Amino acid sequence: MKTKHPSSIAIFASGSGTNSENLIKHFLSHDLIKVSLVLSNKIDAFVIKRVEKYGIPTKVLTLDEIKNQEKILPLLEAYKIDFIILAGFLLKIPDFLVDRYERRIINIHPSLLPKFSGKGMYGRHVHEAVKEANDSETGITIHLVNKEYDKGEVIAQFKVELSPFDTIEDIEEKVHLLEAKHFPKVTENYILNFSL
């Protein structure tokens with residue numbers, strides 16, 4: 001039987017880290033996929049605190065450092081990173097990183113793309129826009145990252161119905177449930193079946 005080294009993933013996150021923690025828990029005892037690094041652009045992001053208990057290395061890089069090939073590429077190489085997973089990461093990924101990790105950067109977006117996408121459309125801003133539009137459904141999109149905001153190839157979408165009485169908090173909660181249920185599994189399937 002052929003053995004291969006586990007695929008090593010880095011999670012990039014800017015916020016509280018619920019999706020990051022779900023991914024970490026999903027892959028904790030996985031034979032073929034390992035979370036090797038959590039990277040944030042914010043020193044006070046709660047994700048850093050949240051993942052401490054799992055013993056996974058964390059790094060904080062400034063925007064300038066993330067845009068600097070000589071800073072970020074050696075870091076990712078040191079951890080032998082094969083895939084990058086964006087879990088609430090609010091910075092645009094530099095083009096050189098998209099090229100280096102072609103089809104190997106996955107993002108989750110809290111709407112049914114192409115709706116409510118683009119710069120500034122993240123988290124609560126998306127849920128507010130969904131509420132304002134009186135949409136009868138929303139959901140999540142798990143997609144590959146390319147050089148434009150939220151324009152990469154869609155891997156999977158999952159929908160949830162909305163009621164006119166749903167508050168922004170209700171919408172957010174429904175989306176969080178979809179994220180928890182689907183993001184780790186879709187990520188796992190994509191990595192296990194990956195071929196360029």
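Which residue of β2 does isoleucine 9 stand opposite? In the predicted model described here, the residue opposite isoleucine 9 is valine 35 in β2. Residues are numbered from 1 along each chain as its sequence is written, and side-chain values use heavy atoms, with hydrogens and water left out.

Seven strands form an open sheet of mixed pairing, in the order β3-β2-β1-β4-β5-β6-β7; two strands are taken to pair if DSSP finds at least two bridges between them. The edges are formed by β3 (58–60) and β7 (154–161), each of which pairs on one side only. From one strand to the next, the twist averages 20°, where axes are lines fitted to C-alpha atoms, for helices over the stretch in contact, and angles run from 0 to 180 degrees between N-to-C directions.

A crossover is called right-handed if, with the strands pointing away from the viewer, the path from the first strand over the helix to the second runs clockwise. Strand β2 is mostly covered, with seven of its eight residues buried; buried denotes under 20% relative accessible area, exposed over 50%, and partly exposed the range in between (1.4 Å probe, protein chains only).

Strand β5 (residues 105–109) is largely enclosed by the rest of the structure, because five of its five residues are buried. In a regular strand the side chains alternate between the two faces of the sheet. Both faces of β5 are covered, with Ile105, Asn107 and His109 buried on one side and Ile106 and Ile108 buried on the other. Strand β4 (residues 83–86) runs parallel to β5 and is joined to it by three bridges, with isoleucine 105 as the bridge partner of isoleucine 84. A right-handed β-α-β unit is made by β4, helix α5 (residues 95–100) and β5. By contrast, β5 and strand β6 (residues 137–144) run antiparallel and share four bridges; isoleucine 106 stands opposite leucine 144 in β6.

Nonpolar cores were defined as sets of buried Ala, Val, Leu, Ile, Met, Phe, Trp, Tyr and Cys residues joined through side-chain atoms within 4.5 Å. The largest comprises 30 residues, and those with the most contacts inside it are Ile9, Ile11, Ile85 and Phe183. Helix α7 (residues 168–192) gives the most to this core, contributing six residues. A second, separate core of 21 residues includes Ile84, Tyr101, Ile105 and Val145. Contact means heavy atoms within 4.5 Å. Apart from neighbours within four places in sequence, the contacts of isoleucine 85 include Ile9, Ile11, Ile106 and Phe183.

Helices α4 and α7 were examined against the sheet. Helix α4 (residues 69–78) lies across β1 (7–12), β2 (33–40), β3 and β4, running at about 155° to β2. Helix α7 packs on the sheet, touching β1, β2, β4, β5, β6 and β7, and its direction makes about 25° with that of β6. In helix α6 (residues 123–132), the buried residues are Val126, His127, Ala129 and Val130. Seen down the axis of α6, these residues fall within an arc of 160° and therefore line one face of the helix; the arc is that of the directions from the helix axis to the C-beta atoms. The cover over the buried residues of α6 includes β5, β6 and α7.

Several backbone features occur in loops. Most residues other than glycine have a negative phi, and most peptide bonds are trans. Arginine 103, in the loop between α5 and β5, has a positive phi near 60° and is partly exposed, with a relative accessible area of 31%. Asparagine 134, in the loop between α6 and β6, has a positive phi near 55° and counts as exposed at 66% relative accessibility. A cis peptide bond joins leucine 113 and proline 114, with omega about 10°; proline 114 is placed in the loop between β5 and α6.

Key. This is a predicted model: local features need pLDDT of at least 70, side-chain atom pairs count only at pLDDT 80 or more; totals for chains, interfaces and linings use all residues. Helices (H or I, at least four residues) and strands (E, at least two) are DSSP runs, numbered from the N terminus.
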